[in-house]
Amino acid sequence: MEKNQLTRILYGGDYNPEQWPEESWDDDIKIFKDTKINSITINVFSWSLLQPCEEKYDFSKLDKIIEKFSKTGFKIVIATATAAMPAWMFKKYPDVGRVDYQGRRHTFGQRHNFCPSSPNYQRLANQLVDHLAQRYATNQAITVWHINNEYGGYCYCDLCQKEFRKWLQKKYHSVAELNRAWNLTFWGHTIYDWEEVVVPNELGDAFGPENTDTAVSGLSIDYRRFQSDSLLKLFRNEKKIIESYDNHVLITTNFHGTPNPDLDYFKWAKFQDIIAYDSYPTYDTPAYKTAFLYDLMCGLGHGKPFMLMESTPSQVNWQNYSPLKRPGQLQVQELQAIAHGANTVQFFQLKQSIGAQEKFHGAVIAHSEKTDTRVIQEVKLLGETLEQLSPELLQAKKQNKIAIVFDWSNLWAVNYVAGISKDLDYLATVLNYYHALYDLHVAVDVIGTDDDFSQYQFVIAPMLYMVKADLGEKINTFVENGGKLVTSFFSGLVNETDNVYLGGYPGPLKKATGIWVEESDAILPDKSVKIQFTDGQATAGNLLCDLIHLEGASPLAQYTSEFYQGTPAITKNVFGKGIAYYVGSNLTNDGLKHLFKSIFQAANCSLSVTNYQPSPLEIYSRNWNNTEYMFILNLSDSAEKIPADLNLQNYQPYFSSNPNNSNSVEAFGVKILISKN
């Protein structure tokens with residue numbers, strides 16, 4: 001059944017009216033209305049107020065909140081409040097608390113500390129959600145149901161161990177197959193009964209100087225998959241309850257992190273009615289990394305718009321240094337999310353708490369409660385800007401021809417690699433490739449390994465260390481049918497249980513790439529290896545250098561230092577109707593940009609809005625019904641000229657933070673152009 005879609009840009013965020021006297025609500029509403037805020041998120045951490053003991057529910061205050069904001073015209077995002085358990089629950093049912101990696105059981109406090117395998121937590125959470133859904137499902141102001149909050153973290157208790165064994169039996173069917181999958185003959189780890197499987201915590205499988213590595217990587221990777229699935233099961237249970245009362249309203253939970261390493265978001269995304277994300281770039285987060293995360297959120301929804309569920313209107317409270325946002329920075333950062341596919345702008349928080357951990361986290365209404373603050377003026381300006389944007393923009397998306405692959409199993413598996421180099425970092429490598437494309441103004445989709453590759457001209461999959469058997473065949477078919485693949489060092493080494501492919505690296509990718517890798521040299525942190533392209537351009541590699549043998553491929557660059565100088569560093573292989581490129585070392589940003597520019601131009605692909613000329617400005621488009629919205633964003637603190645080779649003849653002004661200047665964008669400024677009909 002098709003669910004109700006957002007018909008306007010939601011502008012608002014987390015409001016906690018239960019923390020404030022009822023007589024103050026009207027004053028807050030007046031401020032929200034004046035700043036163009038049109039939605040509120042409520043009930044995120046209210047379980048203890050809604051259920052003071054197991055035998056009693058009290059919805060009197062929540063009733064008043066929902067009635068007040070419904071009557072005053074606000075859209076409501078209502079949470080299920082299951083992320084923070086009441087104290088009585090820990091006291092009565094200790095099993096609801098997680099056991100950490102060190103084997104210690106959590107007591108009451110903090111949040112996100114529930115055991116996903118606890119029958120008592122599941123029962124009590126589901127009962128609460130049933131009461132909420134039954135009571136409020138008919139309220140027309142409720143636009144989105146927000147389940148739990150920022151799922152994450154793992155549990156290592158006996159209940160989880162029991163459920164993990166069941167999960168393994170379903171996946172592997174026999175102990176013999178489990179032994180084979182995890183290569184348990186190593187170190188004499190062979191097991192003979194499912195009851196011999198133990199969770200991989202510090203008391204068992206932990207290994208290494210800090211007890212964070214693993215002796216059996218297959219065990220640890222599968223435990224991550226299991227915990228992600230266990231938390232997803234909780235989400236799906238709550239969603240099912242809500243849908244039994246109303247199957248029309250959107251239901252989601254808020255993803256978070258850079259990205260969150262605990263959950264396989266591509267698997268979770270299949271069960272979200274709309275993707276939601278909490279974005280908190282630090283003061284030194286480069287703009288390209290934030291852009292990548294937004295593109296990832298858009299990719300999780302297969303190009304559909306996503307919700308920016310949380311951001312800050314001012315400063316955060318959790319950095320060592322939390323500077324204020326500079327004038328104009330709030331607007332351009334939020335519009336960066338809109339440019340990359342967001343259809344909401346929501347803050348944490350709307351009113352600053354007077355006490356506890358987040359009392360110095362920024363908010364629309366500060367402790368002063370004044371209405372003439374700089375933050376309120378900037379929030380109002382952004383609200384006025386959002387009101388100018390066409391509702392059609394809610395449906396608009398980018399139609400990209402390039403995809404970059406991101407995969408949680410690879411993220412987990414590379415983290416557990418022992419040896420070669422401790423600096424191996426899957427996310428950092430993917431970001432390096434995205435960064436080069438971002439600098440060239442080449443827009444990309446961020447996709448998972450299960451997504452359809454055939455709709456793209458180029459698929460870029462750096463450090464694809466773990467390649468499932470069907471994925472290898474899928475990649476080979478993509479290239480053979482005319483696609484172009486870019487992959488890199490440390491790819492195609494292992495299968496999904498982290499066992500090495502025999503016959504030489506890159507395993508299943510050898511056929512498409514036309515090479516095999518004999519060895520990989522670990523480059524020390526303060527060293528690099530010289531590399532030269534066949535066109536004479538010099539660059540350098542670091543981290544790893546593969547010693548490559550050609551088996552049909554031709555070299556695009558070679559090493560010009562070290563004992564392997566004169567051997568291939570980057571290769572090109574024509575396979576069927578397509579081409580596969582292999583990058584044997586971790587190139588510098590300039591080296592990657594030169595590579596991409598060369599291979600795109602060789603393929604006659606006009607993929608960049610500036611003819612592959614870098615610029616400090618971010619330039620990104622969304623499309624709807626043959627209409628293109630081009631965002632030109634200056635996320636820096638100095639004015640920047642619009643690139644001369646950016647062809648704007650077919651565009652007209654739509655919005656500008658400084659309409660009097662058409663040739664440059666002021667510090668933290670933005671211009672939006674719309675294609676001419």
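This is a predicted model: local features need pLDDT of at least 70, side-chain atom pairs count only at pLDDT 80 or more; totals for chains, interfaces and linings use all residues.

Biologist: How is a helix read, and which residues of helix 3 are buried?

Modeller: Helices (H or I, at least four residues) and strands (E, at least two) are DSSP runs, numbered from the N terminus. The expected span of a helix is 1.5 Å times one less than its number of residues. Helix 3, residues 60–71, has 12 residues and reaches 17 Å from its first C-alpha to its last, close to the 16 Å expected. Buried means under 20% relative accessible area, exposed over 50%, and partly exposed in between, with a 1.4 Å probe and protein chains only. In helix 3, the buried residues are Leu-62, Ile-65, Ile-66 and Phe-69. They lie on the same side of helix 3, because they cover an arc of only 90° around the axis; the arc is that of the directions from the helix axis to the C-beta atoms. An α-helix has 3.6 residues a turn, so residues three or four places apart point the same way.

Biologist: What covers the buried residues of helix 3, and what follows this helix?

Modeller: The cover includes helix 1 (25–34), strand 2 (39–42), helix 2 (47–50), strand 3 (75–79) and helix 5 (119–136). After helix 3 comes Gly-73, with a positive phi near 90°.

Biologist: How many salt bridges does the structure hold?

Modeller: A salt bridge is a side-chain nitrogen of Lys or Arg within 4 Å of a carboxyl oxygen of Asp or Glu. The structure holds 28 of them. One of these joins Lys-351 to Asp-28, with the closest N and O atoms 3.1 Å apart. This pair links distant parts of the chain, 323 residues apart: Lys-351 is in the loop between strand 11 (342–347) and helix 12 (374–388), and Asp-28 is in helix 1. Lys-351 is buried at 4% relative accessible area, and Asp-28 is buried at 4% as well.

Biologist: Where is the salt bridge of Asp-590 and Lys-593 placed?

Modeller: Asp-590 and Lys-593 meet at 3.6 Å, N to O. The two are 3 residues apart in helix 17 (residues 589–602), which means a separation of about one helical turn. Asp-590 is exposed at 56%, but Lys-593 is buried at 14%.

Biologist: Which peptide bonds are cis?

Modeller: The bond from Thr-258 to Pro-259 is cis, with omega near -10°; Pro-259 is in the loop between strand 8 (254–255) and helix 9 (265–269). The bond from Tyr-505 to Pro-506 is also cis, with omega near 5°.

Biologist: What is the phi of Asn-148?

Modeller: Asn-148 has a phi near 55°, a positive value in a residue other than glycine. Asn-148 is buried, with a relative accessible area of 0%.

Methods:
Residues are numbered from 1 along each chain as its sequence is written. Side-chain values use heavy atoms; hydrogens and water are left out. Contact means heavy atoms within 4.5 Å.
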